[in-house]
Amino acid sequence: MSPSVPLQEMIRAIRSARTQCEERGVIQRECAAIRAQFRQADNGGRSHNLAKLLYVHMLGYPAHFGQMECVRMIASPRYSEKRVGYLGAMMLLDEKQDASLLITNSIKNDLSHSNQYVQSLALCTLACMGSAEMCRDLAPEIDRLLRASNSYIKKKAALCAVHIVRKVHDLGELFAPAARSLLAEKNHGVLHGAVVLITELCERNPETLERFRKTVPDLVQIMKGLVISGYSPEHDVAGISDPFLQVRILRLLRILGRNNEAASDAMNDLLAQVATNTDSTKTVGNAVLYETVLTVLDIKSESGLRVLAVNILGRFLLNNDRNIRYIAMTSLQRIVGTDHNAVQRHRGTIVDCLKDQDASVKRRALELSLALVSATNIRSMMKELLLFLSSCPLELRAQAASGIFNAAERYAPSQRWHIDTILHVLTTAGGDVRDETVPNLIQLITNTSELHCYTVHKLYRALLSDISQQSLVQVACWCIGEYGDLLLRGECQETEPVQVQEQQSIIIRIRSIVSIYGSCIDVELQQRAVEYNALFKKYDHMRAAVLERMPVIEKNSPGHTNGESTREAVKEFFPPPCGSLQVCDLLDLLGGSEEPLQPNPAVGSTLPVLPVSTSSTAGGDLLDLLGGLEPTPLTPAPTVTVYEKGGVTLTLSSEKQSDSGLTVTLTACNSTDSDISSFTLQAAVPKSVQLHMKAPSGDSLPARGAAKVTQMVALSNPNKVGLQNTQ
Amino acid sequence: MQFMLLFSRQGKLRLQKWYVPLSDKEKKKITRELVQTVLARKPKMCSFLEWRDLKIVYKRYASLYFCCAIEDQDNELITLEIIHRYVELLDKYFGSVCELDIIFNFEKAYFILDEFLLGGEAQETSKKNVLKAIEQADLLQEVRHLIKITVDKVF
């Protein structure tokens, strides 16, 4: 076919433009010329003009003024113009445009054109961009073509019918009979179209699926013909006879055999034959094998066949071609739930794929590896997973870390192993772990009392080498704070003890650091700094009592989750330049008064602070409010605003349940312009009163008071200790 | 198949065939992002990737990337074969095809594609038949006037 000279000249002109600006200039000129040409009468160059416009459109420039020209060209008697017109319709018109309806009539006429190439244009366009109305309009025409035309048209009509069914589901019924009869055709193109159409019909309608199950023997026959027959040059691809048709038939068999014993039985032999005889040296053979495996695993196949299929996947895993390895893992992922043992056999290869260069392969290997972790292989798998974590790409780290934690939690062979594993993850990927890891780990540590010494030593050493991992620092600080006395004692059974020195003037240094933050911009830090300063100054005599060791945390108690806002406190409270000295400082704070002390409250851990006002003591304030309400039993107290700072307002209302019990409702509201997330309330009471916090209604405060977070707190005061009112 | 894109190593679009209805703006956005994603891949990486909720199959032939977006149930490996078949058709038609052929004869690249795929599915599995059909259609294009036999059109 001779090239379009005007088109090529324009393309040359555009390409020779050196800058974007120059190109725009050329295109503007050309578009103006094209527009002028469109308005003129027929001059024999219409197809060239439209082609030019389509090129300009592909470069990304607007071309909607060509839509009507497309409509006109489609109606032209000249084939050259029709061809470009229909191409333009497919590129510029989509079903959302009104102009697309205008071509319905032309398409209808062309569908019954005497020349099959014109019919072909109409069919192609309808299948590409036909809207639902157009499809409804033209469906009978397509059905007619499905029954009585040559192979060239039949194969196209079949795929056009597929498009129609996708657009208008009800029309499936119309095409079912014709589709059935097409299976008897010999032409591969028609067969392929028929199989695709039947697949579409069966996927849409379960009744149609039932009816088409009867075709399974025919399909098996066709497949056998393809697999066994001799060399057919026309359809051969690297020794496989028409792999495209084979794959489609296998897919249809999958749908027909699913959940049906009889159908599955009928195709069993064929699938075994294809699975064993298909040459797997080239991609095309593997494509057929892949589809076969998917079919075998989805239907009710006998166990021997299933094993064969999983073995094929196992072979794929060892293939040099990365693509094959990738799809093998994708398929194994699908069956790891149902055929777990079969997949376990290939665990070694899957774990090796963790070391692959390609990130997609690594991701698949990670998902599969995590799914294959079990009680028996936990130790060896964890070794591999931890190794993977240290070198894995950044985008996979979070997933790997959380997967490791889940696996460790479910299958940990011992507490110590569990703690070791979590510590290992924190040291390698501490920045990518989820936030609840820190409180979970802390809770785990407090519950394992026999390992306190070991844990605190390990954490101390970890901090000595690397202070940059935030979660690790949080956990370490908390632990050292809690069990610092164990460190000072200088002896440990499970691991080598660390020599820690006390320093005399440490209180002063701590106080000076704390005072610096007293004028910090961050409100949270500032408040705490001032509070601790107060603790040092006015209430120094109470310091020991206030900073006692924390009680054991109960699992799943939402009131004790770590407040996110404390994170920044940790980072900023220990500025890097001071290094390991700070750890000693912390210990010395504890060592400074001879009793076991609570960790430095600034460290991110559960804190006994319900912020009320900056000058009051930490803790005990809640009770003060309660005390004020006691005289009037059984009447709900008025709501009191207890905290108002930085846009967050906290109100408190209470109801006395009994002589010794009180239910308090805390309501938080956010009047700033941005949302606050991970908001938690914490409260503390003196030893004589018991506190039980119920689950909060949520943990995020939307901006501008859009919603509130409430939390119920039950207090019981069995000893009926007198409570003062300082509010 | 939902769509097929051909683009150069500099990210210039050479062909785009959409089988799903999307606005021009959406098409441009998808094209831009997908081209960026594919061009960022290293040479030895897998030909498949998951992008948004689609499976993307791509392959590079000389300076052109052939990129298809397929549905969940579609077979990735056979899609690679489809891409390869299309390249073979272009090669046979243009005689040792190169990117310039596709640039200067883009409408023919479309015509060939439309003889091979219809509505996103392969319509003809025989290479010979596809090429024969294109040849015949090209001959028809040379004919100056088309004589319509249907009587009611001749007025």
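First, a term: a salt bridge here is a side-chain nitrogen of Lys or Arg within 4 Å of a carboxyl oxygen of Asp or Glu. Keep in mind that this is a predicted model. Over all chains, the structure holds 38 salt bridges.

Take A:Arg213. Its salt-bridge partner is A:Glu210, with the closest N and O atoms 3.1 Å apart. Buried or exposed, A:Arg213? Its relative accessibility is 14%, so A:Arg213 counts as buried. A:Glu210 is at 48%, so that residue counts as partly exposed.

Next pair. A:Glu200 bridges to A:Arg204, and here the closest N and O atoms are 3.0 Å apart. Both sit in helix α12 of chain A, 4 residues apart, about one turn of the helix. A:Glu200 is buried, at 6% relative accessibility. A:Arg204 is partly exposed, at 38%.

Over to chain B. B:Glu88 and B:Arg85 form a salt bridge, closest N and O atoms 3.7 Å apart. They share helix α2 of chain B, 3 residues apart. In this pair the Arg, B:Arg85, is buried at 5%, and B:Glu88 is partly exposed at 27%.

There is also a network. Salt bridges link A:Arg46, A:Glu69, A:Arg72, A:Arg78 and A:Glu81.

Last, the helices. The axes of α25 and α27 of chain A come within 11 Å and cross at roughly 15°. The two are therefore roughly parallel to each other. Their crossing is right-handed. Residues making the contact include A:Leu423 of α25(A) and A:Leu459 of α27(A). By class, that contact has 5 nonpolar, 2 polar and 3 charged residues.

Definitions and conventions:
Residues numbered from 1 in each chain as written. Chains lettered and ligands numbered in written order. Predicted model: local features only at pLDDT ≥ 70, side-chain atom pairs only at ≥ 80, totals over all residues. Heavy atoms only, no water. Axes fitted to C-alpha atoms, helices over the stretch in contact; angles between N-to-C directions. Parallel < 35°, antiparallel > 145°, perpendicular 65-115°, else oblique. Left-handed = near helix turned anticlockwise from the far one by under 90°. Contact = heavy atoms within 4.5 Å. Nonpolar A, V, L, I, M, F, W, Y, C, P; charged D, E, K, R; others polar. Buried < 20%, exposed > 50% of the residue type's maximum accessible area, 1.4 Å probe, protein only.
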